[in-house]
Amino acid sequence: MGKTADLTAVQKAIIDTLKQEGKTQKEISERIGCSQSAVSRHLSGKSVGRKKCGRKRCTTRRGDRTLRKIVEKDRFQTLGDLRKQWTESGVEKSRATVYRRVQEMGYRCRIPQVKPLLNQKQRQKRLTWATEKQHWTVAQWSKVLFSDESKFCMSFGNQGARVWRKTGEREMPKCLKSSVKYPQSVMVSGSFFSTTWHLLTVPKPLVNGLLTMVLLCSIGLPTLLT
């Protein structure tokens with residue numbers, strides 16, 4: 001007896017336990033009645049296995065960090081784009097693996113939240129307006145006519161690119177899709193104030209915002225002034 005293959009499962013377990021307790025290989029071999037070389041080969045084999053697993057885990061972590069950087073660089077990339085860039089970085093994986101890894105990182109493929117495309121001057125004006133009126137009373141607000149409009153597409157395929165985002169990132173700037181108003185279908189506008197509301201459908205795409213506001217005011221102001 002003396003070869004590693006000759007060691008029983010019980011002896012191997014005892015070797016591992018004694019090694020964890022700090023025993024030397026000579027002490028271990030005398031305790032279980034085998035050669036010191038058998039103990040050495042058994043422990044060396046386990047060490048090599050741990051090193052291989054460690055290298056594999058390290059490689060996986062590096063690959064995941066690279067993939068995360070690729071996703072963060074542009075949240076609107078397709079799964080194919082992510083796979084292509086990850087492959088170019090040296091990690092060859094299937095589309096299914098890329099999707100699974102991205103999901104494990106917490107990213108989900110969602111339709112982006114749409115926000116108006118505003119410059120800094122427009123943002124400052126909105127902030128100033130809101131600050132000036134933050135202490136208005138209900139009576140003051142009851143004299144204000146509110147209006148808004150929405151575009152309803154008459155054809156499919158207008159959602160555009162999806163975005164990779166995590167839970168709680170819905171309003172994050174790099175996850176938002178900027179919108180500009182180029183009416184291509186039916187515009188539905190509405191107005192309301194404290195006591196009533198009005199709805200206006202504008203079917204012609206050439207009707208601009210100014211004309212829409214004139215129509216809304218012609219409907220809403222008489223009620224507001226009564």
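This is a predicted model: local features need pLDDT of at least 70, side-chain atom pairs count only at pLDDT 80 or more; totals for chains, interfaces and linings use all residues.

Student: Is Glu169 buried or exposed?

Tutor: Residues are numbered from 1 along each chain as its sequence is written, and side-chain values use heavy atoms, leaving out hydrogens and water. Buried means under 20% relative accessible area, exposed over 50% and partly exposed in between (1.4 Å probe, protein chains only). Because its relative accessible area is 11%, Glu169 counts as buried.

Student: Which residues does Glu169 touch, not counting those up to four places away in sequence?

Tutor: Glu169 sits in the loop between β4 (163–165) and β5 (177–179), strands being DSSP runs of E with at least two residues, and helices runs of H or I with at least four, numbered from the N terminus. Contact means heavy atoms within 4.5 Å. By that test, the partners of Glu169 are Arg75 and Cys175.

Student: At roughly what angle do the axes of α1 and α2 cross?

Tutor: Axes are lines fitted to C-alpha atoms, for helices over the stretch in contact, and angles run from 0 to 180 degrees between N-to-C directions. The axes of α1 (residues 9–20) and α2 (residues 25–32) come within 10 Å, and they cross at roughly 145 degrees.

Student: Which residues of α2 meet α1?

Tutor: On the α1 side, the contact involves Gln11, Ile14, Ile15, Leu18 and Lys19. Their partners in α2 are Ile28, Arg31 and Ile32.
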